[in-house]
Structure formats: C-alpha cells, structure tokens
Amino acid sequence: MNQALDALLDLLDLEQIEEDIFRGVSRSALVPRVFGGQVAAQALVAAGRTVPDDRSPSSRLRSSGGGPHAHSLHAYFLRPGDPGAPIVYTVDRIRDGRSFTTRRVVAVQHGQPIFHLSASFQTYEEGLEHQAVMPHAPDPETLPTAAETLPLHLPGHVAERLIEARAAVDLRYAEVPPWGTVGQPREPRSQVWFRTNGKLADDAPGSLLHVCLATYVSDMTLLDSVLLAHGRGGWAVGDVVGASLDHAMWFHRPFRADEWLLYDQESPSASGGRGLGQARIWTQDGRLAVTVIQEGVVRVPR
C-alpha cells in the first residue's frame, strides 16, 4: 500500500470520543477549506459505526469481513470547513427498523455545523434486478495517469499540488480535462476511471471501507461537466469559483474501490450561479454500482 493511501485510511479512521460522537482531522487541500469528499466520507464512517451488527459485520474501518451495507446518503455542505481544526461528528440514531437503519450526522467546527448528512443502511435481501447499459469508455490501462496529464495543462506548482492532493487515488481522464480546453465549450459530459493507488486489506466488496472511499472520490470531478459546457477550466485555473452545496449517492451493488471504477458524469443544467452534475459509477465488468447527484456553486469571478 502506498504512503498516500495509508494516510487517507488514517484520515477516515475516526477517533471515538463518546458514544455516538467522533472526531476527525483534515488534510490540506487546493483551496483554504476542507475538501467536501473528506467530510462526507468521514460522516459516513461515523454513521456506519453506530449501525446494528446485522447491518454492520465490522465496526472497524480497516478490518476484513465487511462493514455497514449503506444504500444511500443525502448531504448538505453548510459552511466551509477549517482544515486546521478538528471536526466533531455527532450521530443521531433516527431509526433501527427490521430492514433499514437511518442515521443523521452533524459535523461541527468552532461551535457551528459545517455539514449535515442523512444515511440509510439495509440488511441484505434478494429482490428484482435490472440496470442500465454501461456506456462505452476506453480501457483505463491505456490512459495517461494524473502525473502525466496535469503538467501538460497546468502551471507547475498547481499541477504538483493537485497531484499531491490526489496521490491516494489513481484517477485517469478518458478525454482532456476542463483545464486542458479552456475557451472551448464541449458537450457537458466527462468520464474518469479511478481506483485506490494500492490494494486494500479489506476483502469484502461493498463494505464500509470501499463505500467511504468512493464517497471521498465522488466529490473530486463531478462538476467538471458543468465547466465543459462553458469552456471553463475551473478551480485549478481560477476562471470560476465554486463549492459543493449538496450531494446524494445511492449504492446499488457491491464494488471494490481498489479495482477500476468508471465515473460517467454529465450536467443537465446550470443557472442562478449553480451547476448540477449527475453521474453513475460502474465496475469494469459492467455492473452499475453507484448513482451520484450533486449541485454546486459555480460563479464567474467579477
């Protein structure tokens, strides 16, 4: 396992300070606030650690044998997080039903809520099965890595910081990313392949570890499709400013975060200083694993 991935797992492995109260730390980001994917993943970890045993075979993030079977989350980003201060996650046990468990998590810094998450977990059961057809995408092994792509389109110091921020994840664009085609509007659609930069000890697909890592990555590129529609390069080049507003995910089928996942993203709308991104995450063998929808602030600087 590479050092960056090990550091990310440590980041998600929260400290329990009281019953249903957890504390996490942050890592530096490209912007002077906590990365949204981090706080969403940490909040899901906190929620999952309070789930009953039949929906949570293992309460430890790194242990093998599974974890909470999360099937959905809905979240709001309320305030920018301070990366220099710890984040306290308070979990409310909303409901423990026969099949479903519901949790609400509030993330607090400096006495104020910065993030709110509702998550639902389910016991395994058989049911009806169907899914959409996976879109065509190039083989991820044929695509350049971030370390090869980013220096071609971004200033050296920006590329280095972005590579460092994403070092735990092998993320490869199927086409040129937004900052590579500034001033050239394109179809509002983007595809990236991703997996962790190293194998994970947890051998249970769909466990808390894999789901939380996908949640972490899901906030990295989803609004790229909004930028493409307007020929904007985004936060890395400074021709827009923005932040995540809300985020929703539905986990359909088990997957492994250390195996290739296709993140197929598009933007159906942008208006009022906001942009909407929607996406599906597919396993390499064509199974629909996750659906994601996010709205974010996307403003052109004055």
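Predicted model: local features only at pLDDT ≥ 70, side-chain atom pairs only at ≥ 80, totals over all residues.
Arginine 253 lies in the loop between strand 9 (241–251) and strand 10, and glutamate 129 in the loop between strand 6 (112–122) and helix 3, so the pair ties together parts that are 124 residues apart in sequence. Helices (H or I, at least four residues) and strands (E, at least two) are DSSP runs, numbered from the N terminus.

Residues are numbered from 1 along each chain as its sequence is written, and side-chain values use heavy atoms, with hydrogens and water left out.

Are the two partners buried or exposed? Arginine 253 is buried, at a relative accessible area of 15%, whereas glutamate 129 is exposed, at 63%; buried means under 20% relative accessible area, exposed over 50%, and partly exposed in between, with a 1.4 Å probe and protein chains only.

By the salt-bridge rule the count comes to 16, and another of them joins aspartate 170 and arginine 195 at 3.9 Å, N to O. Aspartate 170 sits in strand 7 (residues 169–173) and arginine 195 in strand 8, 25 residues apart, and the pair links distant parts of the chain. Aspartate 170 is buried at 9%, while arginine 195, at 23%, counts as partly exposed. Both belong to a network of salt bridges that links Glu141, Asp170, Arg172 and Arg195.

Strand 8 (residues 189–196) also pairs with strand 10 (residues 261–271) in the antiparallel sense over six bridges, and two strands pair if DSSP finds at least two bridges between them. Within that pairing, valine 192 has tyrosine 263 of strand 10 as its bridge partner. Strand 10 is in turn joined by nine bridges to strand 11 (residues 274–283), again running antiparallel, and in their hairpin, which has two residues between the strands, glycine 272 takes a positive phi near 60 degrees.

Finally, in helix 4 (residues 156–165), Val158, Ala159 and Leu162 are buried. Seen down the axis, the buried residues of helix 4 fall within an arc of 100 degrees, so they line one face of the helix; the arc is that of the directions from the helix axis to the C-beta atoms. On the other side, His157, Glu160 and Glu164 are exposed.

How values were computed. Salt bridge = Lys/Arg side-chain N within 4 Å of Asp/Glu carboxyl O.
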